[in-house]
Amino acid sequence: MAVAVQFSCLKRKRGVFLVVFMLVYLWGSLISLSCAARLSVSRQKLEVEKHLKRVNKPPIKSIESLDGDIIDCIHISQQPAFDHPFLKDHKIQMRPSYHPEGLYDEEKMTTRSKDSTSPITQLWHMNGRCPEDTIPVRRTKKDDVLRASSVKKYGKKKPKAIAKPRSTDPDLTNESGHQHAIAYVEGDRYYGAKATINVWEPKVQQSNEFSLSQLWILGGSFGQDLNSIEAGWQVSPDLYGDNNTRLFTYWTSDAYQATGCYNLLCSGFIQVSSAIAMGASISPVSALRNSQYDISILIWKDPKEGHWWMQFGNDYVLGYWPSFLFSYLAESASMIEWGGEVVNSQPDGKHTATQMGSGRFPEEGFGKSSYFRNIQVVDSSNNLKSPKDLGTFTEQSNCYDVQTGSNEDWGHHFYYGGPGRNPNCQ
């Protein structure tokens with residue numbers, strides 16, 4: 001009997017010991033996890049602060065925009081481009097050696113009929129301008145970087161973001177989630193492109209989605225070696241923290257994998273204009289059955305220096321992408337695309353309701369549907385020409401569509417876009 005009681009007591013003690021051991025072990029694990037989490041947060045904070053210090057250069061003057069942006073006027077020689085090791089001793093080319101022939105003739109011929117538009121400006125201009133020898137740079141804030149999945153991915157598009165006309169690749173609409181409605185030319189050598197783009201403020205359903213309208217200058221295959229120069233307007237809550245329509249640029253030389261970025265968020269594009277800020281809000285924007293606003297964008301390869309230059313409107317030569325950034329585009333482009341792109345993250349397992357363009361289908365026409373007009377390409381003689389054999393492409397025409405046309409005032413043009421989710425697009 002005494003032995004049985006002693007054995008029972010031993011069992012109880014062992015049970016108590018095991019419970020205490022487990023509690024101590026769990027407590028230790030929680031402390032360890034808590035320390036690891038604190039260390040991770042601390043490491044991320046340090047990483048973000050280092051990144052902000054790298055991208056935000058010391059300003060000569062700062063201007064607060066009505067939309068909450070801060071525009072820093074940075075000395076032209078201190079801009080982010082010169083962080084690139086190959087640009088340490090680069091002599092800035094303040095203007096292109098040549099403009100494309102026919103540029104100013106074409107602008108004189110283009111009429112502003114159909115009630116289309118008063119001058120477009122950027123919101124920050126209402127509170128000041130940057131002095132000569134500086135460039136305006138939208139200041140990157142901590143929250144901007146924290147919205148990205150990592151510091152490394154901040155300011156970058158995801159791979160497979162490009163429209164591949166006539167593709168049978170299912171990844172275009174599934175894995176990548178990017179959808180397009182574009183016009184395009186291919187099968188020749190191209191040395192630039194131009195378009196006048198209707199400006200809207202499309203509704204974006206999810207913060208991790210975007211809606212943009214742009215032109216693409218493309219070289220190489222649609223594999224790992226794709227070269228792309230892009231410019232237009234976009235609404236991207238993830239990148240900017242709001243739903244404003246903003247001017248943007250992008251470049252990559254390896255299909256969006258390691259190289260390139262939006263605007264001036266990495267070294268590459270060399271800006272020379274003190275008037276226009278990449279990533280800043282465009283104002284005003286078009287409204288349904290009301291005033292229509294558009295912006296003209298021209299990108300072309302300087303025949304002498306070989307750099308790819310960008311012009312905004314008739315008056316602003318913004319800067320250039322040095323040719324050494326690229327492999328295929330160091331020579332010429334093999335394809336030009338114009339049009340819209342959205343991210344469809346399929347919220348709730350259904351197609352997104354993110355709008356493209358005005359959110360209306362092309363057949364609704366002027367004042368309702370968004371357009372690209374006076375689209376042109378630059379040929380090997382540095383002449384602006386109408387595109388030959390203009391094709392169109394969209395992954396799901398019942399979600400977003402495109403329709404081309406041609407007339408004397410607007411030259412080659414097209415209406416494009418759509419509402420996304422609707423009874424015929426689930």
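Predicted model: local features only at pLDDT ≥ 70, side-chain atom pairs only at ≥ 80, totals over all residues.
Guide: Residues are numbered from 1 along each chain as its sequence is written, and side-chain values use heavy atoms, with hydrogens and water left out.

Visitor: What makes strand 1 and strand 2 a pair?

Guide: Two strands pair if DSSP finds at least two bridges between them; strands are DSSP runs (E, at least two residues), numbered from the N terminus. Strand 1 and strand 2 (residues 70-75) have four bridges, in the antiparallel sense, so they count as a pair. Lys61 has Cys73 in strand 2 as its bridge partner.

Visitor: Why are strand 1 and strand 4 said to stand at the edges?

Guide: The open sheet has the order 1-2-4, with antiparallel pairing. Strand 1 (61-64) and strand 4 (134-138) each have a single partner strand, so one side of each is left without a neighbour in the sheet.

Visitor: How do you know that strand 7 and strand 8 pair?

Guide: Nine bridges join strand 7 (residues 211-219) and strand 8 (residues 227-235), antiparallel. The definition asks for at least two, so they pair. Ile217 has Ile229 in strand 8 as its bridge partner.

Visitor: What joins strand 5 to strand 19?

Guide: Four bridges join strand 5 (residues 178-190) to strand 19, and the two run antiparallel. Ile182 stands opposite Phe393 in strand 19.

Visitor: Which residues of strand 19 lie on the covered face?

Guide: Gly391 and Phe393 do, while Thr392 and Thr394 are on the uncovered face. In a regular strand the side chains alternate between the two faces of the sheet.

Methods
Buried < 20%, exposed > 50% of the residue type's maximum accessible area, 1.4 Å probe, protein only.
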